Amino acid sequence: GRAVARVDSTFSLPVQRSSDEAQGRIVLSGVQQVHARSTWGVLDGAVEQVETETTGTFDLRLIPLDSTTPAGAAVPGRLVVVVRSVTKRVR
């Protein structure tokens, strides 16, 4: 078999974003956590496989622009997104 090396890594990225839309402002804040495991061929350095799971956990606020809505009447919410991927070397 091939001699391989594995590298596991985990990191977090803060997320702050707002967007002005016709109905009001959308504010998103939270964190994106990434867990990745890569396998490399020792002799040639070729990537054999990469498995990644990214989880975004965000607080969401919808702030209406409607003049009849009291100031500070933001609509709160929570958004969780999980993305998994596997990339393999084709021989």
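A: In this predicted model, R2 is partly exposed, with a relative accessible area of 36%. The side chain of R2 forms a salt bridge with that of E48, at 2.7 Å from N to O. R2 belongs to the segment before strand 1 (4-21) and E48 to strand 3 (residues 47-64), so this pair ties together parts that are 46 residues apart in sequence.

E48 itself is buried: its relative accessible area is 15%, and buried means under 20%. E48 also meets R89 in a salt bridge, at 3.1 Å from N to O. Because R89 sits in the segment after strand 4 (75-88) and E48 in strand 3, the contact joins parts 41 residues apart in sequence. R89 is partly exposed, at 34% relative accessible area. R2, E48 and R89 are linked with D44 in a network of salt bridges.

Another pair is R84 and E53, whose side chains meet at 2.7 Å, N to O. R84 is exposed, with a relative accessible area of 63%, whereas E53 counts as partly exposed at 27%.

In the whole structure there are eight salt bridges. The protein around them has four strands and zero helices, and 16% of its 91 residues count as buried. Its radius of gyration is 21 Å, while a compact globule of 91 residues would have one near 12 Å. The C-alpha atoms fill a box of roughly 70 × 20 × 15 Å along the principal axes.

Technical notes. Residues are numbered from 1 along each chain as its sequence is written. This is a predicted model: local features need pLDDT of at least 70, side-chain atom pairs count only at pLDDT 80 or more; totals for chains, interfaces and linings use all residues. Side-chain values use heavy atoms; hydrogens and water are left out. Helices (H or I, at least four residues) and strands (E, at least two) are DSSP runs, numbered from the N terminus. The radius of gyration is taken over C-alpha atoms; the globule rule is 2.2 Å times the number of residues to the power 0.38. Buried means under 20% relative accessible area, exposed over 50%, partly exposed in between (1.4 Å probe, protein chains only). A salt bridge is a side-chain nitrogen of Lys or Arg within 4 Å of a carboxyl oxygen of Asp or Glu.
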